[in-house]
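Below is a short briefing on one protein model.

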Amino acid sequence: MEVILGIDNLIFISILTNKLPEGQREKARRIGIGLALIMRLALLGTIAIIVSLTQPVFSVLGKAFSWRDIILIAGGLFLLWKATKEIHHNVDASGGHEVDTGAVVIANFGSAIVQIILLDIVFSVDSIITAVGMTDEIVIMVIAVVVAVTVMLLAADPLANFIEANPTIVMLALAFLMMIGMTLIAEGFGVKVPKGYIYAAMAFSALVEGLNMLSRRAAVRKRAKAEGEPRMPVRR
């Protein structure tokens, strides 16, 4: 379950770091995933506080909200804003490319790390609360967190490279982030959305996109083969 929950975190990190200069990407991924591990382990050391986050702190129109609800809603809104902004940049044909001066690179790197930290907090809280609901053994939770983050480290570069090499995957991943953002907001308002439905939809969409990619590659090979074949002389 920790590995599955880490997929959301990894997709966000991959999309965000791919916007950095190539020399900064791997470093940013490592820092982002390392911070995710530190936050999860730190939260495991404060189980009593984490459990208390589910206690209501105020109510609006008869609906009680806890700190967990507030964190999920804020994180969901942030994901929606970020995904919408990235989709706009991808479809805006008039958008120009920034000059990669030293100041811009530093600002972009710092901004990326701050955004990764914000989402790490949201996903870490959700991850640890889910773990607390499944077991009371701290050792099992720590092992699960370490294994999940290790998988994230191993998959980070291949996933980021795959997303960068396939532009249509970027749009699909951004759509996933919007769906995850809506799910976080719904859960913050007390609407429980089964994770299985979310990941089944993501898997089905990825399968369809995979078939589209195979179709496009087959069309390219067919076109290249047709262009490479010598034309038969025309008889008169």
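Grid points are joined across faces, edges and corners, and a volume is the space filled by probe spheres set on the points. The model is predicted: local features need pLDDT of at least 70, side-chain atom pairs count only at pLDDT 80 or more, and totals for chains, interfaces and linings use all residues. Residues are numbered from 1 along each chain as its sequence is written, and side-chain values use heavy atoms, with hydrogens and water left out.

**Overall layout**
- The protein has eight helices and two strands, where helices (H or I, at least four residues) and strands (E, at least two) are DSSP runs numbered from the N terminus.
- Along the sequence the pattern is α-α-α-β-β-α-α-α-α-α.
- Of the 236 residues, 38% are buried (under 20% relative accessible area; exposed is over 50%, partly exposed in between; 1.4 Å probe, protein chains only).
- Among contacts (heavy atoms within 4.5 Å) with a separation of 6 or more, 81% join residues 24 or more positions apart.

**Second largest pocket**
- The second largest pocket holds about 310 Å³ of space.
- Its lining has 15 residues, and Ile-11, Leu-159, Leu-172, Phe-176 and Ala-206 lie nearest the centre.
- Helices H1 (2-17), H6 (138-165), H7 (167-188) and H8 (195-228) each supply at least two lining residues; H8 gives the largest share, six residues.
- By class, the lining has 13 nonpolar, one polar and one charged residues (nonpolar: Ala, Val, Leu, Ile, Met, Phe, Trp, Tyr, Cys and Pro; charged: Asp, Glu, Lys and Arg; polar: the others, Gly among them).

**H6 and H7**
- The axes of H6 and H7 come within 5 Å and cross at roughly 115°; axes are lines fitted to C-alpha atoms, for helices over the stretch in contact, and angles run from 0 to 180 degrees between N-to-C directions.
- H6 and H7 are therefore roughly perpendicular to each other (65 to 115 degrees; under 35 is roughly parallel, over 145 roughly antiparallel, the rest oblique).
- Phe-162, Ile-163 and Ala-165 of H6 meet Pro-167, Ile-169 and Val-170 of H7.
- The residues of this contact are six nonpolar, no polar and no charged.

**Thr-183**
- Thr-183 lies in helix H7 and is buried, with a relative accessible area of 9%.
- Leaving out residues up to four places away in sequence, Thr-183 touches Val-193 and Ile-198.

Notes. 1 Å grid on protein atoms, 1.4 Å probe; cavity = no way out; pocket = protein on both sides within 12 Å on 5 of 7 lines; lining within 4 Å.
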